[in-house]
Amino acid sequence: MSTILTTAVLLAMSNIFMTFAWYAHLKDLDKRPWILAVLISWGIAFFEYLIQVPANRIGFTKMDLGQLKILQEAITLTVFVPFAVFYMKQPLKLDFLWAALCICGAVYFIFRSNPAV
């Protein structure tokens, strides 16, 4: 598997954990004390870091820091939209499409001068 694909898969997996750590408590723990939400979120985020740190180290062997960050942002939006719609039951908005187009532009510009292939 290529370095970029490996990095992207690992970043997607880590982002799923992080999205739950950051936002799931708004739905699942909304009636509980905030400190409980913090402790549970930290527990989930631990697993995110176990995947994210190796992903960034692998990606940094072929990509520069800007490319790695923009790749992460593109993955974040790809994970967040289904999470928001299906798990949090938020309405699908056209703004998600506009945000995705902006991210696609960022991906294009960050990779165009130094493709990480």
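Helix H3 supplies the largest share of the lining of the largest pocket, namely 7 residues. Helices here are DSSP runs of H or I with at least four residues, strands are runs of E with at least two, and both are numbered from the N terminus.

Before I continue, a word on the source. This is a predicted model, in which local features need pLDDT of at least 70 and side-chain atom pairs count only at pLDDT 80 or more, while totals for chains, interfaces and linings use all residues. Residues are numbered from 1 along each chain as its sequence is written, and side-chain values use heavy atoms, with hydrogens and water left out.

Let me turn to the chain as a whole. It contains 4 helices and 0 strands, and its pattern along the sequence is α-α-α-α. Taken along the principal axes, the box filled by the C-alpha atoms is roughly 50 × 35 × 20 Å. Of the 117 residues, 31% count as buried; buried means under 20% relative accessible area, exposed over 50%, and partly exposed in between, with a 1.4 Å probe and protein chains only. Among contacts between residues at least 6 apart in sequence, 79% join residues at least 24 apart, a contact being heavy atoms within 4.5 Å.

I return now to the pocket. A pocket is an open set of points on a 1 Å grid over the protein atoms alone, where a 1.4 Å probe fits, with protein on both sides within 12 Å along at least five of seven lines; lining residues have an atom within 4 Å of a point. The lining has 17 residues, and Asn15, Lys69, Gln72, Glu73 and Thr76 lie nearest the centre. H1, H2 and H3 (65–87) each give at least two residues to this lining.

Which residue forms a salt bridge with glutamate 73? The partner is lysine 69, with the closest N and O atoms 2.7 Å apart. A salt bridge is a side-chain nitrogen of Lys or Arg within 4 Å of a carboxyl oxygen of Asp or Glu. Because glutamate 73 and lysine 69 are 4 residues apart in helix H3, about one helical turn separates them. Both are partly exposed, glutamate 73 at 27% relative accessibility and lysine 69 at 47%.

The whole structure has 2 salt bridges. Lysine 31 and aspartate 30 also meet in one, at 3.4 Å from N to O. Here lysine 31 is exposed, at 75%, whereas aspartate 30 is partly exposed, at 46%.

Next, two buried residues. Threonine 7, in helix H1 (residues 3–28), has a relative accessible area of 0% and is therefore buried. Beyond its neighbours within four places in sequence, threonine 7 contacts Ala55, Ile58, Gly59, Met63, Leu68 and Leu71. Serine 41 belongs to helix H2 and is buried at 13%. Not counting residues up to four places away in sequence, serine 41 touches Ala21 and His25.

Tryptophan 42 also lies in helix H2 (residues 34–59), but at 61% relative accessibility it counts as exposed.
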